[in-house]
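Q: Can you walk me through the side-chain contacts in this one? I'd like to start with the aromatics and then move on to the charges.

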Amino acid sequence: MKLPRRQFLHLAAGAAALPSVSRVAWAQAYPTRPVRIIVPFAPAGGTDIVARLIGQWLSERLGQQFVVENRAGGASNIGTEAVVRAPADGYTLLTVDVTPAINATLFDKLNFNFVRDIAPVASIVDVPYVMVINPIVPAKTIPEFIAYAKANPGKVNMASGGTGTGAHLFGELFKMMTGVVMTHVPYRGGGPAITDLIGGQVEVYFGAVPQSVEPIKAGKLRVLGVTTATRLQAMPDVPTVADFVPGYAASGWIGMGAPRGTAADIVNKLNQEINASLADPKLKARFDDLAVTALAGSPAAFGKLISDDTEKWAKVIRAANIKAE
């Protein structure tokens, strides 16, 4: 049977539109089963807590369980690679901090390229850091600390939670921009670093606010500045490092990604829900308790943040000749 030309073109157009319609319908129905959120760190850390808060929100909003699964090890590389290798169907997600942006340069050989292989879904929170010292150090301001460090080159010990961590690189950036010489002392995590800083075994530490705030309040540590570009609402009287070291800015972040190739409709749906969560008063209060700041934005904006930080910390790693342990 020969169809009239107009009818033929109508049917052909309808057939061509079917894949697009089915994809939209699939995304609208998503999720139809539980979703895994891989956290490439141990339980109870900041990234894990944020993942569980967001996971609970998504579970309640989307009607399926978003289950957090911790895959610690390899400086986050093990968990990250598990997501890279997972099907790009929206049922395996990754909650990460700045670590993979650092690892891209820190490790000579990785089985994945984070910027290429993980699709950015949403930034969640900004994690501010502070420059803190043991009160035995005779400095109450950053200029006084710089003068003290330059008068004692190599004798000031700078703690970190491990080689290549944010605390390490934030300190290395400070060294590069001020010309001070400090000896890096890596620890197995921020907790031991804070303990030895309080004990006087090391003199300075660039630590995340959530783990540093209590010792500061107790007078066990002296805070000299915040590493963010602007002052913190939680510490309005504390200056920024940039007030004395122009151009200095360093901050952590936590966000969510998915395997490359995940449908844009699913990514956008997750992004919208996560952004909605950041405006929720109850969740905002929890973030305030953690001393982190909501960081809403588009997938593209999160992708740019990842790319910019990958480039920024690559320069520091190469300049300081930092090698993975």
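A: This is a predicted model. One aromatic cluster is made up of Phe 145, Phe 174, Phe 206 and Tyr 248.

Q: How many aromatic pairs does the structure hold?
A: There are 7 aromatic pairs. One of them is Phe 145 with Phe 174, a tilted pair with 6.4 Å centre to centre and 55° between the planes.

Q: Where in the chain do Phe 145 and Phe 174 sit?
A: Phe 145 is in helix H6 (residues 142-151) and Phe 174 is in helix H7 (residues 166-178). They are 29 residues apart, and the pair links distant parts of the chain.

Q: Is Phe 145 buried or exposed? And what about Phe 174?
A: Phe 145 counts as buried because its relative accessibility is 0%. Phe 174 is also at 0% relative accessibility, so Phe 174 counts as buried.

Q: OK, charges now. What does Arg 33 form with Asp 89?
A: A salt bridge, with the closest N and O atoms 3.2 Å apart. The two residues are 56 residues apart: Arg 33 is in the loop between helix H1 (5-29) and strand E1 (35-39), and Asp 89 is in the loop between helix H3 (77-84) and strand E3 (92-97).

Q: Which ring does Arg 33 lie over?
A: Arg 33 lies over the face of Tyr 91, at 3.8 Å from the ring centre.

Q: How accessible are Arg 33 and Asp 89?
A: Arg 33 has a relative accessible area of 40%, so Arg 33 is partly exposed. Asp 89 is buried, at 18%.

Q: How many salt bridges does the count come to?
A: The count comes to 13 salt bridges. Among them is Lys 175 with Glu 172, where the closest N and O atoms are 3.4 Å apart. Both residues lie in helix H7, 3 residues apart, or about one turn of the helix.

Q: Why does Lys 175 count as buried?
A: Because its relative accessibility is 15%, and buried means under 20%. Glu 172 is buried too, with a relative accessible area of 8%.

Q: What about Glu 311 and Lys 315?
A: Their side chains meet in a salt bridge, 3.9 Å from N to O. The two are 4 residues apart in helix H12 (residues 299-320), so about one helical turn separates them. Glu 311 is partly exposed at 48% relative accessibility, while Lys 315 counts as exposed at 54%.

Methods. Residues are numbered from 1 along each chain as its sequence is written. This is a predicted model: local features need pLDDT of at least 70, side-chain atom pairs count only at pLDDT 80 or more; totals for chains, interfaces and linings use all residues. Side-chain values use heavy atoms; hydrogens and water are left out. Rings of Phe, Tyr and Trp (its six-membered ring) pair if their centres lie within 6.5 Å; planes under 30 degrees apart count as stacked, over 60 as edge-to-face and the rest as tilted. Buried means under 20% relative accessible area, exposed over 50%, partly exposed in between (1.4 Å probe, protein chains only). A charge sits over a ring if NZ of Lys or CZ of Arg is within 6 Å of the ring centre and within 35 degrees of the ring normal. A salt bridge is a side-chain nitrogen of Lys or Arg within 4 Å of a carboxyl oxygen of Asp or Glu.
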